[in-house]
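The following note is meant for a colleague opening this entry for the first time.

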Amino acid sequence: MILITGASRGIGKFLFDKFIDSGEEVAGTFHSTKPEHENSGLYTKVDICNTANIANWINDIGDKLENVTLINCAGNNYNAFAHKSNSEEWSSVIQTNLIGTYNCIRAILPIMREQNFGRIINLASIVAQVGIPGTSAYAASKAGLWGLTKSIAVENANKGITANCLNLGYFNIGMIHEVPEKFQEVIKGQIPSGEFGQPENIYNAVRFLMDTEYINGTNLDINGAKY
Ligand SMILES: NC(=O)c1ccc[n+]([C@@H]2O[C@H](COP(=O)([O-])OP(=O)(O)OC[C@H]3O[C@@H](n4cnc5c(N)ncnc54)[C@H](OP(=O)(O)O)[C@@H]3O)[C@@H](O)[C@H]2O)c1
């Protein structure tokens, strides 16, 4: 079964639809964007900062939880220069992107360990590598995922569980649409391929990580050669 957090919009929704189309059993979460489509019944309202919400979601799925892949797509962003930033908004990015991801992993690991199988895929970002003004919270949260992922990988490798990060460049979906058009053109100009990535590339990489048990604890760059 495939669990996808943040499946109401953007990349999470794209992956949700792809896996449904390919006949997989999928459960997704939404937080503020209530899904209203034919597969809405496969969604649960979960705030990944709330451990009780996550526990209820996992408990409700119950016996269907076999051969679990957890794809952590839920995330948010806050742009501000650090010296002018609002510390609550700054912290909320860490709470969601890093601690929320940990919360989901923490909830599912005992089941994966008991079943001697699991795939954990976290969505990190090129932003943490490049250094972009105004992104200190987001960059810190995504760099934190690299360390989290590595530790989870080594703690659980002998239990048939892998944990990896997809280190995404700029994709033609989701958060990028919050960036003003003129800045989008500037970013595109800095990408050697000259284009934002298509979300199909993310799906292909997720599939690859699901199918490959000896790739563990890595950060897989998908970025059109941009660093
Ligand atoms: N798009 C890109 O180019 C890109 C590049 C690098 C990395 N990423 C990463 O990829 C992931 C998905 O990005 P995206 O572009 O698809 O983002 P998006 O369109 O902004 O979607 C974010 C998703 O996260 C959910 N979410 C936010 N806060 C949550 C919370 N506290 N609890 C539960 N769910 C929460 C949202 O749910 P609701 O709407 O229901 O509240 C939504 O489904 C993020 O981690 C992002 O950092 C994206």
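Does Gly144 count as buried, exposed or partly exposed, going by its C-beta neighbours inside 10 Å?

1. Please keep in mind throughout that this is a predicted model. Gly144 has 18 C-beta neighbours inside 10 Å and therefore counts as partly exposed, since a residue would need 20 or more to be buried. Gly144 is found in helix 5, and its C-alpha atom is separated by 25 Å from that of Lys45, a residue 99 positions away along the chain.

2. Helix 5, which covers residues 136–156, packs with helix 3, residues 87–115, at an angle of about 15°, and the two axes are 8 Å apart. Because angles under 35 degrees count as roughly parallel, helix 3 and helix 5 are roughly parallel to each other. The crossing in which helix 3 passes helix 5 is right-handed. On the side of helix 5 the contact includes Gly144, together with residues such as Leu145, Leu148 and Ile152, while helix 3 contributes, among others, Trp90, Ile94, Leu98 and Ile105. Sorted by class, the residues of this contact comprise 13 nonpolar, 5 polar and 2 charged.

3. Turning to the chain as a whole, the secondary structure comes to 7 helices and 7 strands, and from the N terminus on the order of the elements is β-α-β-β-α-β-α-β-α-α-β-α-α-β. The radius of gyration is 17 Å, close to the 17 Å that the globule rule gives for 227 residues, so the protein chain is as compact as a globular protein of that length. Taken along the principal axes, the C-alpha atoms fill a box of roughly 50 × 35 × 35 Å.

4. Of the 227 residues, 38% count as buried. Among contacts with a separation of 6 or more, 71% are accounted for by residues 24 or more positions apart.

5. Helix 3 also packs with helix 2, residues 51–61, here at an angle of about 40° and with the axes 10 Å apart. Helix 2 and helix 3 are therefore oblique to each other, and helix 2 passes helix 3 in a right-handed crossing. In this contact Thr51, Ile54, Ala55 and Ile58 of helix 2 meet Asn103, Cys104, Ala107 and Ile108 of helix 3; by class, these residues divide into 6 nonpolar, 2 polar and no charged.

6. Another pair to inspect is helix 1, residues 10–21, with helix 7, whose axes lie 10 Å apart at an angle of about 65°. Their crossing is right-handed. Helix 1 brings Ile11, Leu15 and Lys18 to the contact, where they meet Ile202, Tyr203 and Val206 of helix 7, and the contact has 5 nonpolar, no polar and 1 charged residues.

7. With 18 C-beta neighbours inside 10 Å, Ala205 counts as partly exposed. Which residues does Ala205 touch, not counting those up to four places away in sequence? They are Leu166, Leu220 and Ile222. By contrast, the C-alpha atom of Ala205 is separated by 20 Å from that of Ala128, which is 77 residues away along the chain.

Methods. Residues are numbered from 1 along each chain as its sequence is written. This is a predicted model: local features need pLDDT of at least 70, side-chain atom pairs count only at pLDDT 80 or more; totals for chains, interfaces and linings use all residues. Helices (H or I, at least four residues) and strands (E, at least two) are DSSP runs, numbered from the N terminus. The radius of gyration is taken over C-alpha atoms; the globule rule is 2.2 Å times the number of residues to the power 0.38. A residue is buried if 20 or more other C-beta atoms lie within 10 Å of its own, exposed if 12 or fewer, and partly exposed in between; C-beta atoms are placed from the backbone. Two residues are in contact if their C-beta atoms, placed from the backbone, lie within 7 Å. Axes are lines fitted to C-alpha atoms, for helices over the stretch in contact, and angles run from 0 to 180 degrees between N-to-C directions. Angles under 35 degrees count as roughly parallel, over 145 as roughly antiparallel, 65 to 115 as roughly perpendicular and the rest as oblique. A crossing is left-handed if the near helix is turned anticlockwise from the far one by less than a right angle, and right-handed if clockwise. Ala, Val, Leu, Ile, Met, Phe, Trp, Tyr, Cys and Pro count as nonpolar, Asp, Glu, Lys and Arg as charged, and the others, Gly among them, as polar.
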